[in-house]
Amino acid sequence: LTLGIAGLVRVVITLVETAIMGSDNILSAHFGYDLSRNAYMGTQVATHGTVYLYEYYYTAYSTMLPLQMYLNAFAGLIGRGLIAIGLPETDLQLAVTAVIKLIAVAADLATVALIYKILAKRHDRVAATIMSSFYALVPITFSLSSAWGSYESVSAMFIVLAFYFLLNKASYTGMAVSYFFAAMTSVSALYVVPAVLFYTAYVVYRGIREKNALKIAVPFIAMVGGLVLFYLISLPFVYNQVAAGDAFNAFDRYIATVKGANLYTANAFNFQGLLGNNFEAVGLQSEFVTILYIAFVVALLGVAYFRSRNRIHLTLVAASGVIALWTFGNNMTPDILFAALPLLFITAAILNDKRLFLAFTAYAAFNFVNVSYVYLVSGYDDTGILAVSYETTAIIYVFGALSLLAIIYYVVVAYDVLVNNRVSEQRALNLTYGEHVAYTARKVFAALGTLGGKAKALASATGEAIKEVREERKSKKSISAPENENPDEDDNKQ
């Protein structure tokens, strides 16, 4: 039922958007720059094949995210199939965008199912259903997939799958494989890598302590295997470049994709945005400070995890790393914060900590405003997403300041959970929901009545004080008046 309702909401949004846009130019339809670019890539691959993509049809970009590219190609092939059965050629790109959005929707629903699986192992099925349903209907989750067709939904699904293997199966292999596919889908997955490396180090340490050669070897096999697999799945797209002698072209393109444009921030409403650095180039000093900051954050998170070596804590460590780097790091985009949300929600639900639920709600709302504003208000053109202007709106300043307040609250809560091992549990209701609402309403009205009584008493006391001051002034005037009636009287007497 949960998946059905969540899926229906997302499919309706996708179909309505597609129907409204019709065959209009995709760049005027506000589908999103990344979606339009991915749709273009998919149509080119489906038409001309993979080997000529970078050589002739995609020369403006150096993007290399293999799984994302395969999904684009799949969407392009479906679009070509629809053309073959009668869809007008002018609607090809529109059809491809719709397919990409449906892929993102499917990933969203898979994430909900995984969250249910994780929670059902620690709570009863009813609680797991309610909590996973709540996540499914959070606006940022279904808007990224069904409205903007972002592959962040696919990447988040693989990240959650990785932590499903970690939390439910204690499987390092399953975690490593899932994380590999997340990193092949979106750069945002790389901000979870500290947590993955911490667990890798723990697995190796445990293997050494237990004198188990297989446990020691598996992480190293996974790393080497990941590099080889990346090369193989990238090869169809860079075959001509490799044949021409550039054997590591795929690695160069992936590194360029990770590095990005080297900006302080790209429309992310974070600390750099608050400083007025939106779309400003990063200086050498700032790069050095950023490296130190990343090392500092990784060290703190490592200490927090290795104190307990708790897998639930590792999930919170992963979310904390994304949030900390997004708030203060360079080259951040609005979408990157989304990688932290499912992990933060899972931790809050497992621990039943109301403070973590509040942090999740705040960051989910924050991310929704940031992403929505960039896609719907800021807009984009053929060259990329347009910068939010400081001259026409103060929204970056406002939300940049809010991001600082949010991170202060989050650090306090995360420290309490990870270091002090304290949890502020959400208490279960002893009443029916209707009775709880009525009881809460009575408390609110009673509090308002008390506040109103105090305000009335304060106003009355203030009025009395003012009245006394006025009476005192009048009495002083009446006393001094006879002395001033004949100011020349003393002189006449003299």
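**Helix packing and positive phi angles in a predicted model**

Colleague: How many residues of H8 are buried?
Modeller: H8 covers residues 152–169. The helix is mostly covered. Of its 18 residues, the number buried is 16.

Colleague: How far apart are the end C-alpha atoms of H8, against the span its 18 residues should have?
Modeller: At 1.5 Å a residue, H8 should span 26 Å. The computed distance agrees with that. The end C-alpha atoms of H8 are apart by 25 Å.

Colleague: Is Lys211 buried or exposed?
Modeller: Lys211 is in the loop between H10 and H11. Its phi is positive, near 55 degrees, and the residue is not glycine. Exposed means over 50% relative accessible area. Lys211 has 76% relative accessibility, so it counts as exposed.

Colleague: And Asn331, buried or exposed?
Modeller: Asn331 lies in the loop between H15 and H16. Here too a residue other than glycine has a positive phi, near 60 degrees. The cut-off for buried is under 20%. With a relative accessible area of 19%, Asn331 is therefore buried.

Colleague: Are H9 and H10 roughly parallel or antiparallel?
Modeller: H9 and H10 pack with their axes 11 Å apart. Their angle is about 155 degrees. Angles over 145 degrees count as roughly antiparallel. H9 and H10 are therefore roughly antiparallel.

Colleague: Which residues of H9 make the contact with H10?
Modeller: The crossing of H9 and H10 is left-handed. On the H10 side, the contact uses Val193, Val196, Tyr199, Thr200 and Val203. By class, the contact has 7 nonpolar, 1 polar and no charged residues. From H9 come Tyr172, Met175 and Tyr179.

Colleague: How are H15 and H18 oriented to each other, roughly parallel or antiparallel?
Modeller: H15 spans residues 311–328 and H18 spans residues 395–418. They pack at about 155 degrees, with axes 11 Å apart. The cut-off is again over 145 degrees. H15 and H18 are therefore roughly antiparallel.

Colleague: How many charged residues does the contact of H15 with H18 have?
Modeller: The crossing of H15 and H18 is left-handed. H15 brings residues including Leu316, Ile323 and Phe328, and H18 brings residues including Leu404, Ile407 and Tyr410. By class, the contact has 12 nonpolar and 4 polar residues. As for charged residues, the contact of H15 with H18 has none.

Key. Residues are numbered from 1 along each chain as its sequence is written. This is a predicted model: local features need pLDDT of at least 70, side-chain atom pairs count only at pLDDT 80 or more; totals for chains, interfaces and linings use all residues. Side-chain values use heavy atoms; hydrogens and water are left out. Axes are lines fitted to C-alpha atoms, for helices over the stretch in contact, and angles run from 0 to 180 degrees between N-to-C directions. Helices (H or I, at least four residues) and strands (E, at least two) are DSSP runs, numbered from the N terminus. Angles under 35 degrees count as roughly parallel, over 145 as roughly antiparallel, 65 to 115 as roughly perpendicular and the rest as oblique. A crossing is left-handed if the near helix is turned anticlockwise from the far one by less than a right angle, and right-handed if clockwise. Contact means heavy atoms within 4.5 Å. Ala, Val, Leu, Ile, Met, Phe, Trp, Tyr, Cys and Pro count as nonpolar, Asp, Glu, Lys and Arg as charged, and the others, Gly among them, as polar. The expected span of a helix is 1.5 Å times one less than its number of residues. Buried means under 20% relative accessible area, exposed over 50%, partly exposed in between (1.4 Å probe, protein chains only).
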